[in-house]
Amino acid sequence: MLSEKMVEIGRKRSAIRELFEYGKARAAEIGAENVFDFSIGNPSVPAPKEVAETIAELLLSRDSLALHGYTSAQGDMGVRKSIADSLNRRYGADFDMDEIYMTCGAAAGLSICLNAVCVPGDEVLLLAPFFPEYKVFAEKAGAVVRAVPPLGDMSPDMEAMAELISEKTKAVIINSPNNPTGAIYSRGCLSAVAELLSARQREYGHAIYIISDEPYRELVYGERKPCFIPGLYGNTFICYSFSKSLSMPGERIGYIAVPRSMEDSRTAYAAVCGAGRALGYVCAPSLFQYVAAACCDLSPDLQAYIRNRELLCTGLRELGFEFVEPDGAFYLFLKSPEEDAEAFCMRARKHELLLVPSDSFGVGGYARVSYCVSAETITRSMSAFAALAGEYGLGG
Ligand code: PLP
């Protein structure tokens, strides 16, 4: 007898992956240039050249047994020191290496944090719209998820959040810049969340953790910058990833930071180590730990994403579409001209436009457009978007 739950998760790919697979099959049929695949969040700018240089240098200069060997479970000491120093320089923080835990990307970081804090029956709040995998990770950790609905600007509805928090609430996952909206939560909004959680912690007599999922922290385009959440709320785990900022999602590298401001932070760090061990991660990929340490202060080349965002926003606005103005990440949240986002995305598919319906992100009525594609794809897709707009009588 197999685990029915795992069979179900394994059989049913996420809506994003489903569409991505469809896109590949369709490209083989009609040519990649004829498919406008806006399905997945694979970075479209190459990794900074320093990444390849560092890999080459490491391969040539280090002893290969040490380079490819196991590191400490929480990550190589020197690597963790470099990451802590970088966070301290950039955020005026006060991390030391024993508060950093290297992970296989943000996905592992999230799973580890959720398993570190949750016991069966606990509840985890997700701010809708949210990255669909949160539900999979939280449920595997034994928790039940509750979704806080958004207001029109995609910030959380604080009244609804106040109603959803209960004694069972153990954690809230926050993702800013956000996938799928590209929104960056304002300091005011996050301060309100921090205030609410602090009051409830006092009332219930136990910690409620923020798990801050930050793979897009470096991908910001306007004046608004993401807040350093531990500065607002002590019980915050940071889950960071180099997947997007250094364009290397396949290499699986990131980290968890457990700030000293967390209640009983040494025990919390031990729970992180325990969850990493129980989940069988052993240690994060060693070569890419060293790469991350050497490259952690680099910024991605944002110009391509800025250009794409401009091209897409201008084009879609001119066609009469409505959308959430993205501040960061590389996603645009497009309002579906009909209530049923799945029906809208199926219609889009007829024009070879691959858009992800918003339902699996926890809200209806939108479609996610991943604009980590070539500028040429966006430009060429506009005639397909125009035909789609025409079907709904937009823009006129
Ligand atoms: N969190 C969010 C919001 C994401 O969009 C992604 C990937 O797209 C992840 C986590 C997982 O990223 P990683 O590749 O670091 O595991």
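This is a predicted model: local features need pLDDT of at least 70, side-chain atom pairs count only at pLDDT 80 or more; totals for chains, interfaces and linings use all residues.
Most residues other than glycine have a negative phi. Ser 247 counts as buried because its relative accessibility is 16%, and the cut-off for being buried is under 20%.

A second residue of this kind is Val 282, which is not a glycine either and has a positive phi of about 65 degrees. Val 282 is found in the loop between the helices α10 (265–278) and α11 (286–295). Is Val 282 buried or exposed? With a relative accessible area of 51%, Val 282 is exposed, given that the term applies to values over 50%.

## Two cis peptide bonds

Most peptide bonds are trans. In the model, however, the bond from Ala 128 to Pro 129 is cis, and its omega is near -5 degrees. Pro 129 belongs to the loop between the strand β3 (123–127) and the helix α7 (133–140).

The peptide bond from Ser 176 to Pro 177 is also cis, with omega near -5 degrees. Where in the chain is Pro 177 found? Pro 177 sits in the loop that lies between the strand β5 (169–175) and the helix α9 (187–204).

Ala 143 has its place in the loop between α7 and the strand β4 (144–148). Its relative accessible area is 5%, so Ala 143 is buried, the cut-off being under 20%. When its neighbours within four places in sequence are left aside, Ala 143 is in contact with Cys 118, Asp 122, Val 124 and Ala 138.

Another residue can be set against this list: Gln 289 is 146 residues apart from Ala 143 along the chain, and the C-alpha atoms of the two are separated by 30 Å.

The protein is divided into domain 1, made up of two stretches of the chain (4–48 + 301–391), and domain 2, which covers 70–295. The centres of the two domains, taken over C-alpha atoms, are 26 Å apart. Where the domains meet, 32 residues of domain 1 are in contact with 30 residues of domain 2.

About 2400 Å² of area is buried between domain 1 and domain 2, and carbon and sulfur atoms give 67% of this area. Which three residues supply more than any other three of the area that domain 1 buries against domain 2? They are Asp 327, Ala 329 and Phe 361, which supply 24% of that area.

Across the interface of domain 1 and domain 2, one salt bridge is found by the rule. The side chains of Lys 5 and Glu 139 meet in a salt bridge, with 3.2 Å from N to O.

On the side of domain 1 that touches domain 2, the elements α1 (4–11), α12 (303–318), β10 (331–335) and β13 (366–370) each supply at least two residues. How do the residues of this side divide into nonpolar, polar and charged? There are 22 nonpolar residues, six polar ones and four charged ones on the side of domain 1 that touches domain 2.

Terms used:
Residues are numbered from 1 along each chain as its sequence is written. Side-chain values use heavy atoms; hydrogens and water are left out. Helices (H or I, at least four residues) and strands (E, at least two) are DSSP runs, numbered from the N terminus. Buried means under 20% relative accessible area, exposed over 50%, partly exposed in between (1.4 Å probe, protein chains only). Domain bounds come from an automatic or database domain assignment. Contact means heavy atoms within 4.5 Å. Buried area is the accessible area (1.4 Å probe) that two parts lose on being put together, summed over both. A salt bridge is a side-chain nitrogen of Lys or Arg within 4 Å of a carboxyl oxygen of Asp or Glu. Ala, Val, Leu, Ile, Met, Phe, Trp, Tyr, Cys and Pro count as nonpolar, Asp, Glu, Lys and Arg as charged, and the others, Gly among them, as polar.
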